[in-house]
Amino acid sequence: MKNRIKELRLKHNLTLEQLGQKVGLANNTLSRYENGKRKPNAETWQKIADYFNVSVPYLQGVINIKITADLKFESKGEAIDCIEKIMKTFNISKEDLEKSIESEASVDG
């Protein structure tokens, strides 16, 4: 799976050095992330995603819907599609989701 770091960097007309300065990473480290030779840790994924105002799953290439950090969708269908892809990525079944909702309801109720 290919991440979108380079795609977003180029779209924003940034060099590796410029992006590195903005997110506090070395050029060679960013280059390895872009080429998939290294994977960022969770904190670094979030830092880069925040800079570009996208979700971490979008930056990672897990989902194709560009979700801003505040999770706004164009339509209900886009939201459902995103939820289904995230559930698939993390191996969450509909039953798991239902159990979680029931558990939350019993705590609140």
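Q: What makes Ala42 and Glu43 stand apart on H4?
A: They're the exposed residues (over 50% relative accessible area, 1.4 Å probe, protein chains only) on the face of H4 turned away from its buried side. Quick note: this is a predicted model, where local features need pLDDT of at least 70, side-chain atom pairs count only at pLDDT 80 or more, and totals for chains, interfaces and linings use all residues. Residues are numbered from 1 along each chain as its sequence is written, and side-chain values use heavy atoms, with hydrogens and water left out.

Q: How do you know that the buried residues of H4 line one face of the helix?
A: Helix H4 covers residues 42-52, and its buried residues are Thr44, Trp45, Ile48, Ala49 and Phe52. Looking down the axis of H4, these fall within an arc of 130°, so they line one face. The arc is taken from the directions from the helix axis to the C-beta atoms.

Q: What covers that buried side of H4?
A: The cover includes helix H1 (5-11), helix H2 (16-23), H3 and helix H5 (56-60), judged by contact, meaning heavy atoms within 4.5 Å.

Q: Why is Glu34 called buried?
A: Its relative accessible area is 8%, and buried means under 20%, so Glu34 counts as buried. Glu34 sits in helix H3 (residues 27-34). Leaving aside neighbours within four places in sequence, Glu34 is in contact with Asn3, Ile5, Lys6, Arg9 and Leu16.

Q: Why does Phe90 count as exposed?
A: Phe90 has 58% relative accessibility, so it counts as exposed. Phe90 lies in the loop between helix H6 (76-89) and helix H7 (94-108).

Definitions and conventions
Helices (H or I, at least four residues) and strands (E, at least two) are DSSP runs, numbered from the N terminus.
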